[in-house]
Amino acid sequence: MGNLSSCFSGKEEEDRRAGRRRKVQRRLSQAQEARGPPGSSSRWRRGDRSLRRDKLEEAIIHEQALAAALFLQQQGANGLLPVERSSSLRYPVNSAAGGSKNALPRSSSSRARSLTDPLFQPQQLDLKFDDLETSNFVLVHGGGFGAWCWYKTIALLEEVGFKVTAIDLTGAGIDSSNTNNITSLSQYVKPLTDFLEKLGDGEKVILVGHDFGGTCMSYAMEAFPSKIAKAVFVSAAMLTNGKSTLDMFSEQVYVGEAGPNDLMRQAQIFIYANGSNHPPTAIDLDKSLLRDLLFNQSPSKDVALASVSMRPIPFAPVLEKLCLSDEKYGSVRRFFIETTEDDAVPLPVQENMIKVNPPERVFRLKGSDHSPFFSKPQALHKHLIEIAKIPPLPPG
């Protein structure tokens with residue numbers, strides 16, 4: 001990890017973690033108060049005006065995001081937006097003569113831009129496409145997310161000339177499959193493997209996986225190693241042979257008082273579509289805890305978008321152990337992007353995966369929560385460009 005470990009001094013790191021633990025504890029207490037005592041018919045406790053005001057503001061933003069989502073869906077139904085099933089909207093690259101008029105916004109946040117997520121102009125990136133091994137990115141969302149979560153990354157990459165496809169895995173995003181009926185990892189990841197299978201001879205892509213998307217990406221690397229130039233794990237499950245995603249979470253090295261582990265446990269809602277005497281079929285997340293678990297540094301508009309777009313995570317694929325070989329999976333170049341303010345896959349868990357299964361290079365998104373495509377889109381974009389520019393290894 002080199003000098004990465006020196007980013008925070010020991011005392012500063014401890015103070016920062018303590019502050020985050022206190023904040024999470026307050027949020028958990030608020031969520032419990034909002035639910036009320038057992039048998040209570042009142043959602044809010046009397047006198048809690050600030051909490052009520054915050055919830056009202058979130059409800060308004062929630063309704064605005066829902067209205068926008070319904071509008072886009074209606075436009076797509078009328079044939080005005082080219083929606084492809086199990087893939088993202090394809091945003092046209094703006095032409096030099098007047099493209100700025102219809103340009104997509106770089107961020108949906110109304111807050112001042114963070115110094116850790118500065119804007120990058122295309123000329124600053126020094127891109128020469130003829131020197132790249134591939135200019136095609138394929139984005140794989142995490143558990144509960146969909147292709148929609150990559151909208152900022154899609155816009156930024158396409159703006160500078162890359163071809164981008166964001167996949168909706170089975171039962172996610174606009175895919176209409178019932179999550180409770182997904183019984184294997186191969187079934188869940190089929191939209192991705194179908195896409196890779198249809199690539200032409202000699203055509204390669206850069207895979208980018210987030211969260212549980214890392215497991216899906218690893219499955220695809222084993223199946224189609226010759227079609228993947230590079231694999232980028234963004235706070236994603238980077239497993240070894242014989243391990244499952246559940247194994248990764250059960251082996252968490254982060255232990256904190258009222259820390260992210262407590263938050264994750266309280267946020268999980270198991271779904272038993274086959275009855276309580278059978279294993280869970282899916283996992284949902286408590287919407288009132290989404291901000292702290294996944295979006296603690298993200299703009300409110302993006303949190304609202306996620307709250308109306310996220311779907312349950314199929315449980316069977318989370319349990320499935322991967323079969324990964326050095327000859328196939330091991331032949332694909334791997335890169336990892338760390339997220340330092342992550343409460344879903346805490347930094348020590350990320351570092352443990354890196355230690356056990358070292359990638360070629362490690363990048364760090366300082367100040368990012370678990371969802372850097374929302375909280376640090378420009379910095380994430382810069383790292384993806386850096387990885388794309390890394391030249392291919394010499395043959396042999």
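## Stop 1

Select D194 and K190: both sit in helix α5 (residues 190-197), four residues apart, which is about one turn of the helix. Helices here are DSSP runs of H or I with at least four residues, strands are runs of E with at least two, and both are numbered from the N terminus. An α-helix has 3.6 residues a turn, so residues three or four places apart point the same way.

Before going on, some housekeeping. This is a predicted model, where local features need pLDDT of at least 70 and side-chain atom pairs count only at pLDDT 80 or more, while totals for chains, interfaces and linings use all residues. Residues are numbered from 1 along each chain as its sequence is written, and side-chain values use heavy atoms, with hydrogens and water left out.

Back to your pair: the side chains of D194 and K190 meet in a salt bridge, 2.8 Å from N to O. A salt bridge is a side-chain nitrogen of Lys or Arg within 4 Å of a carboxyl oxygen of Asp or Glu. Are these two buried or exposed, or something in between? D194 has 24% relative accessibility, so it counts as partly exposed, and K190, at 44%, counts as partly exposed too. The cut-offs are under 20% relative accessible area for buried, over 50% for exposed, and partly exposed in between (1.4 Å probe, protein chains only).

## Stop 2: bridges between elements

How many salt bridges does the rule give? The count comes to ten.

Select R333 and E360 next. Their closest N and O atoms are 2.7 Å apart, in a salt bridge. This pair links distant parts of the chain: R333 is in strand β8 (residues 333-339), and E360 is in the loop between α12 (347-356) and β9 (361-365), 27 residues apart. R333 counts as buried because its relative accessibility is 10%, whereas E360 is partly exposed at 37%.

Now pick E351 and R364, another salt bridge, with 3.2 Å between the closest N and O atoms. E351 lies in helix α12 and R364 in strand β9, so the pair ties together parts that are 13 residues apart in sequence. E351 is partly exposed, at 29% relative accessibility, and R364 is buried, at 14%.

Finally, show E133, K204 and K230 together: salt bridges link them in a network.

## Stop 3: ring meets ring

Time for the aromatics. Rings of Phe, Tyr and Trp (its six-membered ring) pair if their centres lie within 6.5 Å; planes under 30 degrees apart count as stacked, over 60 as edge-to-face and the rest as tilted. By this rule there are eleven aromatic pairs.

Select F137 and F162, an edge-to-face pair with 5.1 Å centre to centre and 70° between the planes. F137 is in strand β1 (residues 136-140) and F162 in the loop between α3 (151-159) and β2 (163-167), so the pair ties together parts that are 25 residues apart in sequence. F137 is buried, with a relative accessible area of 1%, and F162 is buried with 2%.

Then try F145 and F295. Their ring centres are 6.1 Å apart and their planes are at 80°, so this pair is edge-to-face. F145 sits in the loop between β1 and α3, and F295 in the loop between α9 (290-294) and α10 (300-309), 150 residues apart. F145 is buried at 1% relative accessibility, and F295 is buried at 0%.

## Stop 4: a covered helix

Select residues 377-389, helix α14, which has 13 residues. Is α14 mostly covered or mostly open? Mostly covered: ten of its 13 residues are buried, including L380, L384 and I387.

## Stop 5: cysteines and confidence

The structure holds zero disulfides (pairs of cysteine sulfur atoms within 2.5 Å).

Last, colour by pLDDT, the predictor's confidence in each residue, from 0 to 100. The chain's mean pLDDT is 79, and 65% of its residues reach 70 or more. Over residues 35-48 the pLDDT is below 50, and this stretch has 17 contacts (heavy atoms within 4.5 Å) beyond near neighbours in sequence.

Definitions and conventions: The expected span of a helix is 1.5 Å times one less than its number of residues.
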